[in-house]
Amino acid sequence: MDKVASPDALTVGSIGVLAYMLGNVLHEAIGHGGACLLVGAKPLVLSSVHFECSLDNRLVMAGGTLVNLLAGASFFALGRLTGRRHPRLKYFFWIAMTVNLFSGTGYFLFSGVGGIGDWAEFIQGLEPQWLWRIGLAVFGAATYMLAACISLLELRPLIGSDKVERYRCAVRLTWIPYFAGGILMCIAGALNPVGMILILISAAASTFGGSSGLLWSPQLLRGALIPCGPPAEPMPIHRSWPLIAATCAIAVAFVAVLGPSVLFGR
């Protein structure tokens, strides 16, 4: 296990950071921004933690989550099409799928419980509010758990079929991107001029909170809920210095551009 398939931490972290940045851009720019353009409104501000549109519209509010869920489904399909000869690419599709599914489903739960965020704004004016919030929370919890199970089932080719070692490998493949991606998002969010509240609501909540399934879901591998997959050996993820260097450059650009915000005019 250690000689053949122990995933390289730097490479795993780099791939995870790429997935987090992509999920963020998909949510804010493609989701909210695309919906803003679709309804004929004008984008005002884009950052790593928020998007402002000239028109308050339910489609704009829902756009980020909807794109994350669509992206999660797309990465699921791409991961299925990627064979064992491309372990780093397969892992990227897996972590990108997982981050997007957790972000999408977690937002329902977050808004339902906390009463803030995109979906809390979406249900404003719909009565009774308490019932809508309970519905969001229940739907979010159910779909989040479903996303966690799908994620673990798709992780099996990367972790092998040994009941003990697959848990150890899964922890390495989930915890490293969780902390690497979460820290990067908080660094970018700290540069936002709107204030610390956005760091708490968007950066920290959507990463450390929204993708918390990466921390606890490997525990499900110890039971019978997630059966062992057919591959006896996990897919090795070896170190790639070009990938690590490219990720560092992209991360610096991401923080420098989307951290302070991009203003389109008011």
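Visitor: Is C149 buried or exposed?
Guide: C149 is buried, at 17% relative accessibility. Buried means under 20% relative accessible area, exposed means over 50%, and partly exposed is in between (1.4 Å probe, protein chains only). This is a predicted model: local features need pLDDT of at least 70, side-chain atom pairs count only at pLDDT 80 or more, and totals for chains, interfaces and linings use all residues. Residues are numbered from 1 along each chain as its sequence is written, and side-chain values use heavy atoms, with hydrogens and water left out.

Visitor: What about C248?
Guide: C248 is in no disulfide. Its nearest cysteine sulfur belongs to C186, 18 Å away. C248 is partly exposed, at 46%.

Visitor: How many disulfides are there, then?
Guide: The count is one. C36 is joined to C53, S to S 2.2 Å. C36 lies in helix 1 (residues 9-38) and C53 in strand 2 (residues 51-53), so the pair ties together parts 17 residues apart in sequence. Helices (H or I, at least four residues) and strands (E, at least two) are DSSP runs, numbered from the N terminus.

Visitor: Which hand does the disulfide have?
Guide: Right-handed, because the torsion about the S-S bond is about 80°. C36 is buried at 0%, and C53 is buried at 13%.

Visitor: New topic. Where is V138?
Guide: V138 sits in helix 5 (residues 129-159). V138 is exposed, at 55%.

Conventions: Disulfide = S-S within 2.5 Å.
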